Amino acid sequence: MQQQIAFIAYIQRLLVEGDFSATYKYALLHALADVCIEQPMEDESAELTVELDTLVDKFILLYWQHAMPFSAVGVGEEALLLQNAGKQSKVISMLYQCQLAGIRNIRQLKESPSWPQIYRATLSTLKEGPLWRLQILSKQEECFLYPHIKGKNHIKLSAGIAHCFRRFYDLVVYLARNAWLQKIQSIKFNQDLIGQQSQLQDFLFGVDRNALNRAKPILVDIQNNICIYCQKPMKEEKVAIDHFIPFSRYSTDLGHNFVAAHGTCNNSKRDHLAALKHREKWHEQNLIVHAKTLSAELGGYFYCDEQKSLAVSNWAYSVASSTGAKLWVAKNEFMTAGQ
Ligand SMILES: [Zn+2]
């Protein structure tokens with residue numbers, strides 16, 4: 001039971017604290033979950049050896065569909081969705097070439113003369129990319145799922161991990177797919193292609209950007225135009241309104257949860273909780289000194305309740321502390337919660 005809770009906590013942290021410039025890590029997480037349920041397991045606490053060959057197969061299966069050009073209904077254009085913040089990921093480009101050459105499915109691919117080359121390239125992508133990077137959380141290796149023993153043609157899931165993947169398969173796959181989807185939607189190039197569809201989530205569950213802009217003048221004012229995180233002056237065009245408790249963690253806009261920060265500080269903080277010194281700053285600024293001002297100024301646009309904001313913040317930090325999550329201090333700088 002303890003391990004199952006630790007497993008879920010780890011997966012949650014991995015999705016927040018991992019560095020996802022491409023979608024490969026989501027694919028690997030998905031693949032690991034698949035591999036665990038695709039074979040019988042008699043001993044729940046056993047280790048599980050996973051051949052890299054099996055992961056290569058899984059990767060190709062997962063990306064095969066993605067290597068077809070996408071076009072939104074009613075929009076004429078058609079193109080491959082980018083799966084990397086930079087250039088297209090190698091696996092997709094390769095699979096696309098195979099599809100152009102008339103290969104229609106994985107079976108045909110395996111029988112085609114290109115297979116050995118595809119196999120080698122995918123294997124090296126796996127090794128250079130997600131395999132030894134999936135478990136880097138907030139820039140540090142934390143090998144909870146499998147130890148990093150390189151130079152073998154398999155990895156070994158630690159004792160009990162395969163059982164956790166089996167037990168929480170739906171949840172892990174749901175989380176991996178959802179994060180994968182969001183990554184694709186966040187890449188600028190894709191947004192023209194996806195069009196209306198990506199706006200649906202924002203529309204239903206997203207941030208009201210217009211309302212957010214209402215919060216800007218008052219926050220800049222009470223912070224004397226100083227970024228709450230790095231304490232340096234902000235230029236007006238670069239000011240971001242940051243959800244102190246990240247929106248991805250708690251998505252109700254409470255008036256006291258907003259702070260003003262540099263766009264760059266805001267981007268670096270992403271979905272992390274801020275370090276304790278920032279929390280003290282936020283607490284003093286928004287819940288003590290300027291609590292009433294914020295309620296008065298923002299009450300027309302947002303739900304304002306200091307007690308609720310405090311409760312949500314206490315909840316978020318107590319979870320972080322119990323899971324050993326890393327808190328964001330500054331760009332590329334983290335600390336462990338609870339220290
Ligand atoms: Zn800053």
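Among the contacts in the protein chain with a separation of 6 or more, what percentage comes from residues 24 or more positions apart? In this predicted model, such residues account for 72% of those contacts. Let's look at the chain as a whole, and then at some of its helices.

**The whole chain**
- The protein chain holds 15 helices and 8 strands.
- Of its 339 residues, 32% are buried.

**Helix H4 and what covers it**
- Helix H4 spans residues 90-100, and its buried residues are Val91, Ile92, Leu95 and Cys98.
- These residues sit on the same side of H4, because they cover an arc of only 120° around the axis.
- An α-helix has 3.6 residues a turn, so residues three or four places apart point the same way.
- The cover over the buried residues of H4 includes helix H3 (52-64), helix H5 (106-111) and helix H6 (115-128).
- Just after H4 comes Gly102, with a positive phi of about 95°.

**Helices H11 and H14**
- Helix H11 (residues 209-222) packs with helix H14 (residues 291-298) at an angle of about 160°, and their axes are 10 Å apart.
- That angle is over 145 degrees, so H11 is roughly antiparallel to H14.
- The crossing of H11 past H14 is right-handed.
- On the H11 side, Ala215, Ile218 and Ile222 make the contact, while H14 brings Thr293, Leu294, Glu297 and Leu298.
- Sorted by class, this contact of H11 with H14 has 5 nonpolar, 1 polar and 1 charged residues.

How values were computed. Residues are numbered from 1 along each chain as its sequence is written. This is a predicted model: local features need pLDDT of at least 70, side-chain atom pairs count only at pLDDT 80 or more; totals for chains, interfaces and linings use all residues. A residue is buried if 20 or more other C-beta atoms lie within 10 Å of its own, exposed if 12 or fewer, and partly exposed in between; C-beta atoms are placed from the backbone. Helices (H or I, at least four residues) and strands (E, at least two) are DSSP runs, numbered from the N terminus. The arc is that of the directions from the helix axis to the C-beta atoms. Two residues are in contact if their C-beta atoms, placed from the backbone, lie within 7 Å. Axes are lines fitted to C-alpha atoms, for helices over the stretch in contact, and angles run from 0 to 180 degrees between N-to-C directions. Angles under 35 degrees count as roughly parallel, over 145 as roughly antiparallel, 65 to 115 as roughly perpendicular and the rest as oblique. A crossing is left-handed if the near helix is turned anticlockwise from the far one by less than a right angle, and right-handed if clockwise. Ala, Val, Leu, Ile, Met, Phe, Trp, Tyr, Cys and Pro count as nonpolar, Asp, Glu, Lys and Arg as charged, and the others, Gly among them, as polar.
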